[in-house]
Amino acid sequence: MKLTIPEKEILNPGHLACQGCGAALAMRYALKALGRKTIIVLPACCWTVIDGPFPYSSAGVPLFHTAFETAASCGAGVNAALEVKGKNEVTVLSWAGDGGTMDIGIQALSGAAERGDNLIYVCYDNEAYMNTGIQRSSSTPHGSWTSTTPVKAFKKGPKKNMIEIMAAHKIPYSVSASISHPEDFIAKLQIAKQLKGVKFMQILSPCPAGWKYPSNLTVKIAKLAIETCIFPLYEVKQGRYKVKKPANKKPVSEYLKLQGRFRHLTGEEIDEIQKNTDQVWKELLKKEKVFG
Amino acid sequence: MKKFITGNHAVSFGAKISRAEVIAAYPITPQTEIVEKLSEMVASGELKAKFAKVESEHSALAACIGASAAGCRSFTATSSQGLALMHEMLHWASGARLPIVMANVNRAMAPPWNVWSDQTDSLAQRDTGWIQFYCESNQEIVDTIIQAYRISEKVNLPAMVVLDAFILSHTSEPVDVPEQKKVDRFLPSYDPKYKLDIDQPHAFGGLVNPEWYYEFRYKIACSMEEARGLINEVGKEFGKQFGRNYGLVEKYRSNDADVILVVSGSLSSTAKEAVDRVRKKGRKAGLVRIRAFRPFPKEEIRKLAKKAGVIGVLDRNISFGNEGIFFSEIKSALYSQKRKPLVYGFVVGLGGRDVRCKDIEKMIDSLYKKQGLKKDINWIGLKK
């Protein structure tokens with residue numbers, strides 16, 4: 001049997017992720033794709049804990065812990081230093097959660113994108129502030145419970161569309177990915193590695209604790225997100241759209257029903273989510289048609 | 001080489017001859033000229049460095065932190081609101097033990113908007129673990145940036161070189177910009193033992209539980225103590241090689257003084273003139289200029305206080321709800337001493353208000369008479 005995912009592990013065992021953590025898988029695949037010549041810049045996020053407490057580190061590559069809003073700017077500094085020292089073979093990987101990316105970190109990321117700093121920016125998207133105890137972020141989807149959007153006042157309005165925001169910066173590569181599709185993620189990282197500038201990747205990383213599901217369902221739920229098109233898998237490469245279409249598009253209820261964070265939703269509310277999902281999907285396909 | 005330059009350009013030349021490798025900065029009045037000059041130097045190839053034109057001061061220091069962690073000598077400059085915006089990263093730089101050097105052009109905090117001189121911006125950063133130097137002249141600015149790198153890189157702590165808005169930043173003075181070859185001998189290239197290195201992967205700044213955090217802080221405190229000695233040592237060595245001596249403090253006619261003024265920054269020049277004038281009238285006044293605020297020159301202050309009966313501290317800053325910051329620090333240094341002189345605090349020149357020689361002469365006069373002086377704050381020249 002031919003394995004398509006690199007067998008070599010860089011991420012060490014013994015990290016501190018929760019059981020079934022999507023973010024741990026995401027990093028494992030990212031390091032497989034990028035190899036040892038990588039420097040990680042890590043702001044406040046779950047991964048601050050996952051890597052392990054002093055003096056331990058599970059990443060297997062140099063890692064600099066930085067402040068919440070500085071994944072991109074600190075990464076830009078590391079990249080500047082590598083440029084000065086002529087170390088062109090090293091990849092700078094800024095690795096942040098959705099809060100550190102879409103909320104507090106968006107200014108620095110926008111700045112880095114505009115300047116064309118050479119780094120791969122991965123946002124592992126678990127759709128809330130999981131490290132501080134499941135508070136809503138601007139990536140929390142419509143209808144979701146979080147500890148700051150309680151059932152009676154669940155999150156209203158769509159996720160911030162970060163891939164489009166980044167694509168609007170005219171960066172070379174702005175893509176979504178999912179831990180349920182590692183081959184796709186690894187291939188995208190390998191493309192990103194070859195391109196100059198900010199390469200933005202948003203990988204859906206389900207969180208059993210925050211999304212309220214049994215930890216063995218992580219991959220299944222991530223897969224359903226793609227199959228229901230609630231989290232479409234697509235790329236914007238130099239302005240050209242390419243969308244991955246599921247063989248059988250499933251209803252969003254299949255994705256929602258497995259997760260406690262959506263348990264309170266009525267049939268009508270689920271229909272509303274289905275309608276919005278279909279609309280966004282239609283728009284995306286249209287973009288692919290026009291800009292494919 | 002002698003140049004007739006502003007304080008801001010003195011900063012730019014200081015960074016250049018220190019061979020800063022990564023510069024990241026955001027413009028803010030009155031610091032902008034520093035950034036402009038450095039941009040020119042990098043663009044023309046005169047300075048071989050990477051200049052990151054970032055979108056905020058917070059990002060400027062974050063970029064310097066990344067660059068320094070990856071093994072490059074890093075530099076930034078800011079002022080007032082910009083420094084306040086950076087505050088979080090100031091802690092990050094010292095906590096990560098990165099010897100970044102930053103120039104801060106002392107400017108008042110808003111509102112109301114005010115771009116003129118006032119020390120409250122940098123003194124609010126007192127507890128961030130940065131070495132702080134307050135410069136009197138443009139010459140001292142160039143010289144201090146070179147020394148700041150030398151000291152910082154020895155103790156692994158960042159350093160802030162402070163200059164007064166407009167009084168120094170936009171005023172031209174003749175400055176001897178040291179020769180590159182001589183500076184290279186004085187300041188070897190930055191090659192940290194621990195850095196982000198793919199051949200030796202380490203994680204820096206990760207989670208530390210209460211079992212270890214305390215020791216990390218203790219080590220910073222120890223390094224600050226080491227810096228205390230080094231500032232004098234490096235200042236003397238600089239004197240040997242470049243002919244200009246520096247230390248934690250500068251004493252001016254203080255050996256036989258019965259009344260001593262404690263001052264900092266460019267105000268010191270005016271105060272020296274005031275001391276000269278009252279000396280002519282037969283009064284034995286003297287002056288101490290605090291050059292290094294962190295680490296604080298406790299011993300130097302204590303030695304002086306052994307002789308003088310009265311000390312007057314001039315603060316171009318105010319800690320609301322208490323008093324001038326230098327004043328508090330001076331008193332605190334003297335508390336453990338057997339013989340305690342009378343110490344009076346003067347708050348002067350906030351937001352760039354002119355402090356004239358005759359104002360300081362009056363202060364010295366009042367220190368002799370000890371009349372009309374309040375024990376904590378004396379506001380000088382306040383409009384009724």
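How many residue pairs are in polar contact across the interface of chain B and chain A?

## The model

This is a predicted model, in which local features need pLDDT of at least 70 and side-chain atom pairs count only at pLDDT 80 or more, while totals for chains, interfaces and linings use all residues. Residues are numbered from 1 along each chain as its sequence is written, chains are lettered from A in the order in which they are written, and side-chain values use heavy atoms, without hydrogens and water.

## Polar links between the chains

The rule finds 12 residue pairs in polar contact across the interface of chain B and chain A, both residues being at pLDDT 80 or more; such a contact is a pair of N or O atoms within 3.5 Å, where, within protein, one must be able to donate a hydrogen and the other to accept it, and residues adjacent in sequence count only if both atoms are side-chain atoms.

There are also 3 salt bridges between chain B and chain A (a side-chain nitrogen of Lys or Arg within 4 Å of a carboxyl oxygen of Asp or Glu), and one of them joins the side chains of B:Glu55 and A:Arg115 at 3.0 Å, N to O.

## Contact and buried area

In all, 37 residues of chain B are in contact with 35 residues of chain A, where contact means heavy atoms within 4.5 Å. About 2900 Å² is buried between the two chains, and carbon and sulfur atoms give 69% of this area, which is the accessible area (1.4 Å probe) lost on putting the two parts together, summed over both. B:Leu196, B:Ile198 and B:Leu207 supply 23% of the area that chain B buries against chain A, more than any other three residues.
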